[in-house]
Amino acid sequence: MSPHTDAAGLTLLLQVNGMPGLQIRKDGKWFTVNALEGALIVNVGDVLEILSNGRYRSVEHRAVVHQNRERISAAVFHRPCQDAVIGPLPELLNDNNKPRYRAMGYMEFMKRYYSAKLDGRNHLESLRNEL
Ligand SMILES: O=C(O)CCC(=O)C(=O)O
Ligand SMILES: [Fe+2]
């Protein structure tokens, strides 16, 4: 699976059959996530990054597979309701913390997410550049 960030608020992942494959990118380097058996991996997604005005960063990740061993991963995406407006929460903003993302309806956000290629954090960065 190509590098991407999730459009969710939070994602919960369970590597069902003990086969690793999830990798996250930090400081330009890829790291394999070695989850404990039965543990949920909690990933911050784009919505939380935007709501928190960048304080929580949406993690760039990808999944790799083994040549001949099956890998099963279950994902649950926690998303806002369809008519929510996604933007930095007003109570977090002040003179020292100006909005870094343009606010938009969640449906508009999702259309943009799916029309951008899965390509790392690019679509999030493009939202920053629209301010
Ligand atoms: O395969 C995985 O563990 C991650 C899948 C994933 O990143 C996704 O479904 O968005
Ligand atoms: Fe993902």
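A polar contact is a pair of N or O atoms within 3.5 Å; within protein, one must be able to donate a hydrogen and the other to accept it, and residues adjacent in sequence count only if both atoms are side-chain atoms. This is a predicted model, in which local features need pLDDT of at least 70 and side-chain atom pairs count only at pLDDT 80 or more, while totals for chains, interfaces and linings use all residues. Residues are numbered from 1 along each chain as its sequence is written, ligands are numbered from 1 in the order in which they are written, and side-chain values use heavy atoms, without hydrogens or water.

| Side chain | Distance to an oxygen atom of ligand 1 |
|---|---|
| His-4 | 3.1 Å |
| Asp-6 | 3.1 Å |
| His-61 | 3.0 Å |

On its own, ligand 1 has 300 Å² of accessible area (Shrake-Rupley method, 1.4 Å probe), and the protein covers 86% of that area.

The residues around ligand 1, each with a heavy atom within 4 Å of it, are Met-1, His-4, Asp-6, Leu-13, Leu-22, His-61, Ala-63, Arg-71, Ser-73 and Phe-77. Which strands supply at least two residues each to this shell? They are β5 (61-63) and β6 (73-78), where strands are DSSP runs of E with at least two residues, and helices are runs of H or I with at least four, numbered from the N terminus.

Now for the whole chain. The protein has three helices and eight strands, and from the N terminus on they follow the order β-β-β-β-α-β-β-β-β-α-α. Along its principal axes, the C-alpha trace spans about 50 × 30 × 25 Å.

One last stop is helix α2 (residues 106-115), where Tyr-106 and Phe-109 are separated by about one helical turn because they are three residues apart.
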